[in-house]
Amino acid sequence: MIDQEQLTYEAAAARIEEIIKRLDSGEAGLRETLELVKEGRGLVEFCAGELEAVSQGLEELRLEELVARLEGAPERAQ
């Protein structure tokens with residue numbers, strides 16, 4: 001289990017891989033499987049949120065760059 005306060009995308013992705021390996025091994029009992037699936041679901045949701053935040057940040061940067069280009073471009077004669 002990972003400390004939620006210090007969770008990073010990389011740590012969450014690594015833990016998801018560990019969970020998948022444990023589930024694939026077939027050695028986890030029913031209760032452990034349920035707990036691993038719950039934990040995995042939470043980690044996947046966390047990762048999706050992180051990716052969405054990064055995507056939004058990149059989109060904002062692209063828009064800011066576009067605006068800067070448009071503001072700096074000489075006006076065309078019509």
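In the predicted model, the largest nonpolar core is made up of 8 residues, namely Leu7, Ala12, Ile16, Ile19, Ala28, Leu36, Leu43 and Cys47. Helices H1 and H2 are the elements that give two or more residues to this core. In soluble globular proteins, nonpolar side chains tend to be buried together.

The arrangement of the two helices was then examined. Two packed helices are described by the angle between their axes and the distance between the axes. Helix H1 spans residues 9-25 and helix H2 spans residues 30-72; the two pack at an angle of about 150 degrees, and their axes lie 9 Å apart. Because angles over 145 degrees count as roughly antiparallel, H1 and H2 are roughly antiparallel to each other. The crossing of H1 past H2 is left-handed.

On the H1 side, the contact involves Tyr9, Ala12, Ala13, Arg15, Ile16, Ile19, Arg22 and Leu23. These residues meet Glu32, Thr33, Leu36, Val37, Glu39, Gly40, Leu43, Val44, Phe46, Cys47, Glu50 and Leu51 in H2. Sorted by class, the contact of H1 with H2 comprises 13 nonpolar, 2 polar and 5 charged residues.

Leucine 51 was considered individually. This residue is located in helix H2 and is among the H2 residues that meet H1. Leucine 51 has a relative accessible area of 47% and is therefore partly exposed. Between leucine 51 and tyrosine 9 there is a separation of 42 residues in sequence, while their C-alpha atoms are 8.5 Å apart in space. Tyrosine 9 is itself one of the H1 residues in the contact with H2.

Definitions and conventions
Residues are numbered from 1 along each chain as its sequence is written. This is a predicted model: local features need pLDDT of at least 70, side-chain atom pairs count only at pLDDT 80 or more; totals for chains, interfaces and linings use all residues. Side-chain values use heavy atoms; hydrogens and water are left out. Axes are lines fitted to C-alpha atoms, for helices over the stretch in contact, and angles run from 0 to 180 degrees between N-to-C directions. Helices (H or I, at least four residues) and strands (E, at least two) are DSSP runs, numbered from the N terminus. Angles under 35 degrees count as roughly parallel, over 145 as roughly antiparallel, 65 to 115 as roughly perpendicular and the rest as oblique. A crossing is left-handed if the near helix is turned anticlockwise from the far one by less than a right angle, and right-handed if clockwise. Contact means heavy atoms within 4.5 Å. Ala, Val, Leu, Ile, Met, Phe, Trp, Tyr, Cys and Pro count as nonpolar, Asp, Glu, Lys and Arg as charged, and the others, Gly among them, as polar. A nonpolar core is a set of buried Ala, Val, Leu, Ile, Met, Phe, Trp, Tyr and Cys residues joined through side-chain atoms within 4.5 Å. Buried means under 20% relative accessible area, exposed over 50%, partly exposed in between (1.4 Å probe, protein chains only).
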